[in-house]
Amino acid sequence: MSGPTRVVVADDHPVVVRGLERFATIEPDLDVVGTASDADAVPAVLRETRPHVVSLDVQMPGMVGPSTIESIAREGVPILLFTFHPIDAELATLMEAGARGYVPKSATLEDFHRAAATLRRGERVLPRELGALLDERAATGLGDALTTR
């Protein structure tokens with residue numbers, strides 16, 4: 001992995017976008033290469049900027065749950081959910097739709113940077129609680145697929 005991790009920040013809160021851009025100016029291994037303030041704009045920004053990772057707020061204009069994640073995932077860029085949204089069934093559904101990681105907005109900038117770098121390496125970023133929820137859902141889904149017979 002050479003060069004900084006190139007990130008597109010998709011968030012409708014200017015303070016979050018500007019904060020991550022500012023952090024990238026002092027963190028040589030992180031580069032914010034594009035931004036979007038609504039989910040509908042994300043695919044075009046990804047095609048224009050060719051980032052390593054997209055940081056996505058799940059509560060912003062244009063978000064239509066799993067279908068939005070699936071659409072963005074088709075662009076081939078790992079999705080990092082960066083949000084205040086708690087770990088719950090809705091968040092698990094977004095992960096199942098194609099997101100590769102989750103970092104709460106209460107995390108540090110260093111945590112965000114580590115998560116972006118981890119996704120760039122092809123790995124996932126799952127807090128223990130979210131991993132357990134996904135495992136439980138997978139086990140339940142398998143059980144639902146089996147008939148009584």
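# Chatting about His85

Me: Leaving aside its neighbours within four places in sequence, which residues is His85 in contact with?
Reply: Those would be Val58, Gln59, Glu90, Leu91 and Tyr102 (contact: heavy atoms within 4.5 Å). This is a predicted model: local features need pLDDT of at least 70, side-chain atom pairs count only at pLDDT 80 or more, and totals for chains, interfaces and linings use all residues. Residues are numbered from 1 along each chain as its sequence is written, and side-chain values use heavy atoms, without hydrogens or water.

Me: Where is the place of His85 in the chain?
Reply: Look in the loop that runs between strand E4 (79-83) and helix H4 (89-96). Helices (H or I, at least four residues) and strands (E, at least two) are DSSP runs, numbered from the N terminus.

Me: Is His85 buried or exposed?
Reply: His85 is buried, because its relative accessibility is 7% (buried is under 20%, exposed over 50%, partly exposed in between, with a 1.4 Å probe and protein chains only).

Me: OK, zooming out. How many helices and strands are in the protein chain?
Reply: You'll find 6 helices and 5 strands. Going along the sequence, the pattern reads β-α-β-α-β-α-β-α-β-α-α.

Me: And how much of the protein chain counts as buried?
Reply: 43% of the 149 residues do.

Me: What box do the C-alpha atoms fill?
Reply: Roughly 60 × 30 × 25 Å, taken along the principal axes.

Me: Which contacts join residues at least 24 apart?
Reply: 65% of those between residues at least 6 apart in sequence do that in the protein chain.
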